[in-house]
Structures are given as structure tokens and as C-alpha cells.
Amino acid sequence: MQLNIHRYDPDRDQAPAMQAFEVEARPGMMLRDALLQVQRQDETLAFRHSCGEGVCGSDGLNVNGANRLACITPLHELKAPVKIRPLPGMPVIRDLVVDLTQFYRQYRVVKPYLIRHDPNPEVEVRQSPEERDQLEGLTECIMCACCSTSCPSFWWNPDKFLGPQALLSAWRFLADSRDEATKERLDDLDGPFKLFRCHTIMNCVNACPKGLNPTQAIGRIKALMLKRAI
Amino acid sequence: MSTRRATGLRAWVLQRVTAVYLGLLTPVLLWRLVIAPPADHAEWRAWAAQPLVSVALLLFFAALFLHAWVGVRDIVIDYIKPFAPRLAVLTLTGFGLLACGFWVLRILFLAAVRAGA
């Protein structure tokens with residue numbers, strides 16, 4: 001099976017180019033296995049990967065035009081020749097490795113931790129099963145960046161629009177019964193950029209390898225904001 | 001943060017609320033002006049001069065121009081980065097939409113006056 005892989009070494013190459021490789025497809029093979037096979041042919045190929053089972057979120061790649069995790073993408077599902085590019089819109093460090101600094105910076109903006117104003121109690125802050133249910137589909141995010149780097153609004157304003165991943169995380173803490181900073185969080189998200197650059201394009205929902213729905217989370221933030229405003 | 005900034009929530013709500021009104025009234029206007037149009041200018045004038053119709057029309061155009069303003073503002077914020085063209089496009093759009101608004105006012109006012117309302 002043929003893989004066309006994006007190659008770019010900024011120290012040596014004038015411009016990025018696609019390079020063709022042949023891999024021997026075996027049953028049950030994932031794209032990550034194919035890339036490891038390519039790396040045995042050409043050890044200069046750079047790509048990130050770690051756990052190999054869709055948990056660490058390291059190997060987000062643009063495969064045949066869609067963002068996916070290489071380790072849980074079966075090779076036989078892909079149309080040959082498979083075009084493999086780095087996640088779109090991010091600066092390329094080398095080959096398939098991108099610089100995700102901006103992505104992590106936007107995550108930090110939403111203060112992704114519980115904020116309490118009351119003095120900490122002696123025992124843990126309890127949550128009912130119903131309150132815990134509110135966090136379903138939010139805590140599962142592995143921060144692979146497949147969603148944010150598929151979002152046109154994030155491409156145009158990566159420094160100002162927080163992107164679907166950070167906004168999903170923002171809702172994860174707004175929806176948490178133990179968090180006490182709802183007002184501050186909402187105030188911080190107002191303005192035309194951080195939240196409201198989302199135009200419900202929903203590329204994020206298509207891209208998420210964990211089946212999460214950032215668009216719905218963003219809608220809930222807007223609804224809560226409106227409820228608090230009027 | 002005390003710097004002034006453009007609105008997020010207000011613009012978003014405005015866009016949605018105006019969209020609902022535009023969505024409701026557009027079929028009515030299409031029916032009245034395209035499918036069952038007035039026979040002549042005098043009949044149109046008499047129709048537009050009815051108090052309910054003229055208020056509905058004024059609201060329609062106010063909603064349309066507000067909706068257009070938020071939409072153009074969104075496009076400008078998304079795609080036009082340098083300050084000078086950004087300000088220029090927003091100013092031209094603002095003036096253009098205001099001018100259209102006053103023009104609508106003038107048309108509806110004259111229709112009402114000439115219809116003898």
C-alpha cells in the first residue's frame with residue numbers, strides 16, 4: 001500500500017514536499033504501525049506517537065484530508081494512496097511534527113482546574129451521581145488537537161479564538177458542581193473573540209477521535225451566558 | 001481588564017433574534033410582493049401605508065440591517081487583520097447600512113403621506 005507523506009526539514013528543505021513510501025499491509029494494521037514500518041525504511045521520518053491505543057493523544061495527523069489519531073485508524077479503511085500531512089494550521093517543526101504551543105496556551109486561558117471561593121472543607125467536596133453525569137463527554141478529552149486544528153475559526157485567529165478543545169474544557173469546569181468561579185469564567189469568555197468566533201461549522205465534532213461534541217459544549221456556554229445576562 | 005472591547009454575547013443574540021423575525025416575515029413579504037403583488041403603485045402605497053404593515057416593514061428593515069451589520073462585522077473580524085482596512089470596511093458598512101435605513105424611512109414615510117394616511 002502506498003503512503004504519501006509530508007516531508008519538511010526547515011534546516012535543509014526550501015519547501016515541504018510529499019514523499020511516497022510502500023508499506024506491506026497486514027490484517028488489523030493501524031496507520032501508526034504503517035508509519036513505524038516507513039520509519040524502518042527511512043529513519044529520518046519524524047512523527048509523534050506514544051501509547052498506541054488512542055489514550056495519549058500524541059499522534060494526531062491529517063489523513064486523506066481528515067484529522068485522525070494514527071494509532072486507532074485501521075489502514076484498510078483508508079483509500080490508497082494515503083495522503084498523510086501534519087495537523088493543519090500549526091507551524092511545522094519537521095515532517096509530521098507540529099508546534100502546539102498556541103493550542104496549549106489557549107487551554108491555559110480557560111483555567112482548567114476547579115476554583116473554590118469557600119474555605120476548603122475538612123472532607124472532600126461531594127458530587128451526586130446526577131452532578132457527575134453533567135461531566136460525561138467532557139472529561140474524556142485527550143487533547144490530541146484534532147478538533148482545534150480542523151476548525152477554520154481557529155486557523156484564522158489561533159491567538160484570539162480559544163478553539164473547540166479549550167472551550168470544551170471551559171464548559172467542563174462551568175458544568176462542574178464543585179466549581180465556584182462561574183461568573184468569572186463567563187465574564188472572561190465574553191467579547192467577540194475567545195468564544196464567539198465559533199460559527200458552528202462543526203469540523204471539531206467530525207474530527208474528534210473520542211466522539212466528543214465541542215460544538216454542543218460551546219452552545220451550552222452561550223446559553224448559560226445568555227441566561228445569566230437577562 | 002478595563003479596555004473597551006466589541007461585544008460578543010450581545011451581537012450573537014442580536015443576530016439570532018433578528019434571524020427569527022426575518023425568517024418569519026420574509027415569506028409574508030415574498031407572498032405579498034411576488035406571488036400576489038399589488039396591481040399598481042397606488043395599490044402598493046395604500047398597502048404599505050397601513051399602520052400594521054408599515055411598522056412590520058420598519059421592523060423588518062431594522063432587523064435586516066442589524067443582522068447584516070453583525071454578519072459583516074463577523075467576516076471582518078475573521079478575515080481582515082490589519083487595522084486600517086478593518087476600520088475602513090466597518091465604517092463604510094456602518095454608513096452604508098445607516099443610509100439604507102434612512103432611505104427605507106423616507107420611502108415608507110412618503111408612501112404614508114401620499115396615501116393620505
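## Chain A overall

Of the 230 residues that make up chain A, 47% count as buried, in what is a predicted model of the structure. Chain A contains eight helices and seven strands, and its C-alpha trace spans about 60 × 35 × 30 Å along the principal axes. Among the contacts of chain A with a sequence separation of 6 or more, 63% are made by residues 24 or more positions apart. The accessible surface of chain A comes to about 11,600 Å², and carbon and sulfur atoms account for 49% of that area.

## Chain B overall

Chain B has four helices and zero strands, so that its elements, read from the N terminus on, run α-α-α-α. The radius of gyration of chain B is 18 Å, well over the 13 Å that the globule rule gives for 117 residues, and chain B is therefore more spread out than a compact globule. Along the principal axes, the C-alpha trace of chain B spans about 55 × 25 × 25 Å.

Where contacts in chain B join residues at least 6 apart in sequence, 72% of them are between residues at least 24 apart.

## Strand pairing around E5 of chain A

Strand E5 of chain A, residues 82-85, is paired with strands on two counts. Strand E1 (residues 2-7) of chain A runs parallel to E5(A) and is joined to it by three bridges, with A:Leu3 having A:Val82 as its bridge partner in E5(A). Strand E3 (residues 60-63) of chain A runs antiparallel to E5(A) and is joined to it by two bridges, and here the bridge partner of A:Val63 in E5(A) is A:Ile84.

The two faces of E5(A) can be told apart by cover: A:Val82 and A:Ile84 form the covered face, whereas A:Lys83 and A:Arg85 form the uncovered one. In the loop between strand E4 (66-69) and E5 of chain A lies A:Pro81, and the peptide bond leading from A:Ala80 to A:Pro81 is cis, with omega near -5°.

## Helix H1 of chain A

The buried residues of H1(A) are A:Leu31, A:Arg32, A:Ala34, A:Leu35, A:Gln37 and A:Val38, and what covers them includes E1, strand E2 (17-22), E3 and E5 of chain A. A:Gln37, found in this helix (residues 31-41), has a relative accessible area of 12% and so counts as buried, the cut-off being under 20%. Residues up to four places away in sequence aside, A:Gln37 touches A:Val23, A:Glu24, A:Arg26 and A:Met29.

## Nonpolar cores

The largest nonpolar core has 35 residues, of which A:Leu167, A:Trp171, A:Leu174, A:Leu189, A:Leu195, A:Ile221 and A:Met225 touch the most other members. At least two residues of this core are supplied by each of helix H5 (163-174), helix H6 (182-189) and helix H8 (214-229) of chain A, and likewise by helix H1 (9-35) of chain B. H5(A) gives the largest share, six residues. In soluble globular proteins, nonpolar side chains tend to be buried together.

A:Met225 is in contact with A:Leu186, A:Leu189, A:Asp190, A:Leu195, A:Phe196 and B:Leu9, when its neighbours within four places in sequence are left aside.

## Cysteines

A search of the whole structure finds zero disulfides over all chains. For A:Cys198, which is in no disulfide, the nearest cysteine sulfur is that of A:Cys204, 6.7 Å away, whereas a disulfide would need the two sulfur atoms within 2.5 Å. A:Cys198 counts as buried at 13% relative accessibility, while B:Cys100, with a relative accessible area of 32%, is partly exposed.

## Positive phi values in loops

A:Lys111, in the loop between helix H2 (101-109) and helix H3 (129-133) of chain A, has phi near 50°, a positive value in a residue other than glycine, and counts as partly exposed at 37% relative accessibility. A:Met202, in the loop between H6 and helix H7 (203-207) of chain A, has phi near 70°, which is again positive in a residue other than glycine, and A:Met202 counts as partly exposed at 38% relative accessibility.

How values were computed: Residues are numbered from 1 along each chain as its sequence is written. Chains are lettered from A and ligands numbered from 1 in the order in which they are written. This is a predicted model: local features need pLDDT of at least 70, side-chain atom pairs count only at pLDDT 80 or more; totals for chains, interfaces and linings use all residues. Side-chain values use heavy atoms; hydrogens and water are left out. A nonpolar core is a set of buried Ala, Val, Leu, Ile, Met, Phe, Trp, Tyr and Cys residues joined through side-chain atoms within 4.5 Å. Buried means under 20% relative accessible area, exposed over 50%, partly exposed in between (1.4 Å probe, protein chains only). Contact means heavy atoms within 4.5 Å. Two strands pair if DSSP finds at least two bridges between them. The radius of gyration is taken over C-alpha atoms; the globule rule is 2.2 Å times the number of residues to the power 0.38. Accessible areas come from the Shrake-Rupley method with a 1.4 Å probe; for residues, only the protein chains shown count as cover.
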